[in-house]
Amino acid sequence: MESLRFKFKWLDNQGNEAGILSKKGSFDGKTLVLDDIQLPAACLTTVESRGKRFVIATVDREGHTHQAVFSITSGSADGLRAELGLCRSRAWAEAHREELAAAGRAHEFRNAICPHCQAVIDLTSMPRTPQVYCPFCKTIGTLDSPQGPIKAEAQYRLCDTCGMYSKPRKFTIFYFYFLFVMYGFYQQETWRCPACMRGEAWKNNGVSRRNRPHNLPDFNSLKVRHSTYGHSKRRNSF
Ligand SMILES: [Zn+2]
Ligand SMILES: [Zn+2]
């Protein structure tokens, strides 16, 4: 494959970008290069990603786990995600097949190609089912679908918040705050299902209303004042 080039920033423990300048990264189908670090993709035990953010982990010869979090600032995060999945899945499936062959059990090896990301899914010792879960793109895909890959399947995931099988997507939450001497807002991105997002929206609405300063009446207090004025007027008129 043609080497995939991108730029990235490391993320700290709070998920904030570290440093001002982006660093160079690349993936040639086998080795992931992040600045001056070279990582064989097949040795990555974990690759989790949301949007442009990635968490990777590997284990060294002494058995120590190393992990890193970074965010793609330019280049294709989807491309990197897909290529890492292809490389890792093929390497792992081949390693397992060779392991079984060495033990004289090569006939037990069974695999399938994910209809959504084309990763090799190792199905050895698993029962045959019409659908399979791909651990690389996290999709449950239908095998041998006469219409080809079913697009709607790719939208279904386990929700990060409730853990239910749903259609999580990215929401951007704006938190507005009003303090005595200042006001402003900050935003946060979250991946969750619409049902979980509804609860957050109500909660956020409640927080905004509680933090409102006394000189900015909300709709309900406006109504109260209006009726108070009306009442006093009526009283005055009598
Ligand atoms: Zn897949
Ligand atoms: Zn949810």
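Helices (H or I, at least four residues) and strands (E, at least two) are DSSP runs, numbered from the N terminus. On that basis, the protein chain has three helices and 15 strands. Lys-138, for example, lies in the loop between β10 and β11. The model is predicted: local features need pLDDT of at least 70, side-chain atom pairs count only at pLDDT 80 or more, and totals for chains, interfaces and linings use all residues. Residues are numbered from 1 along each chain as its sequence is written, while chains are lettered from A and ligands numbered from 1 in the order in which they are written.

Confidence is given by pLDDT, the predictor's confidence in each residue, from 0 to 100. Its mean over the protein chain is 82, and 77% of the residues reach 70 or more. Over residues 212–238, pLDDT stays under 50. For that stretch the model has seven contacts beyond four places in sequence. Two residues are in contact if their C-beta atoms, placed from the backbone, lie within 7 Å. Among contacts in the protein chain between residues at least 6 apart in sequence, 43% join residues at least 24 apart.

An open sheet of seven strands has the order β4-β3-β2-β1-β7-β6-β5. The pairing is antiparallel. Strands pair if DSSP finds at least two bridges between them. β4 (37–40) and β5 (44–50) stand at the edges. Each has a single partner strand, so one side of each is left without a neighbour in the sheet. Neighbouring strands are turned by 30° against each other on average, direction ignored. Axes are lines fitted to C-alpha atoms, for helices over the stretch in contact, and angles run from 0 to 180 degrees between N-to-C directions.

Within this sheet, β1 and β2 pair in the antiparallel sense over five bridges. Leu-4 stands opposite Phe-27 in β2. Helix α1 packs on the sheet and touches β1, β2, β3, β5 and β7. The direction of α1 makes about 155° with that of β5. Six bridges join β5 to β6, again antiparallel. Here Glu-48 stands opposite Val-55 in β6. The hairpin of β5 and β6 has two residues between the strands, and Gly-51 takes a positive phi near 60° in this hairpin.

α1 has 26 residues. From its first C-alpha to its last it reaches 37 Å, close to the 38 Å expected at 1.5 Å a residue. The expected span is 1.5 Å times one less than the number of residues. Just after α1, Gly-104 takes a positive phi of about 75°.

Burial is counted from C-beta atoms placed from the backbone: a residue is buried if 20 or more others lie within 10 Å of its own, exposed if 12 or fewer, and partly exposed in between. Buried residues make up 15% of the 238 residues in the protein chain. In α1 they include Leu-80, Arg-81, Leu-84 and Cys-87. A nonpolar core is a set of buried Ala, Val, Leu, Ile, Met, Phe, Trp, Tyr and Cys residues joined through C-beta atoms within 7 Å. The largest has 12 residues, among them Phe-6, Phe-8, Phe-27, Ile-72, Leu-80 and Cys-87. The elements that give two or more residues to this core are β1 (4–10), β6 (53–59), β7 (65–74) and α1 (77–102). The largest share, three residues, comes from α1. A second, separate core of 10 residues includes Ala-93, Cys-134, Phe-136 and Cys-137.

Gly-29 is found in the loop between β2 (23–27) and β3 (31–34). It counts as partly exposed because it has 15 C-beta neighbours inside 10 Å. Not counting residues up to four places away in sequence, Gly-29 touches Met-1, Glu-83 and Cys-87. The C-alpha atoms of Gly-29 and Glu-2, 27 residues apart along the chain, are separated by 8.0 Å.

A further hairpin is formed by β10 and β11. Four bridges join β10 (residues 131–134) to β11, and the two run antiparallel. Gln-131 stands opposite Thr-142 in β11. Strand β11 (residues 139–142) has a covered face, Thr-139 and Gly-141, and an uncovered one, Ile-140 and Thr-142. Four residues lie between the strands of this hairpin, where Lys-138 takes a positive phi near 60°. Lys-138 is partly exposed, with 16 other C-beta atoms within 10 Å. Ser-125, in the loop between β9 (120–122) and β10, has a phi near 65°, a positive value in a residue other than glycine. With 9 C-beta neighbours inside 10 Å, Ser-125 counts as exposed.
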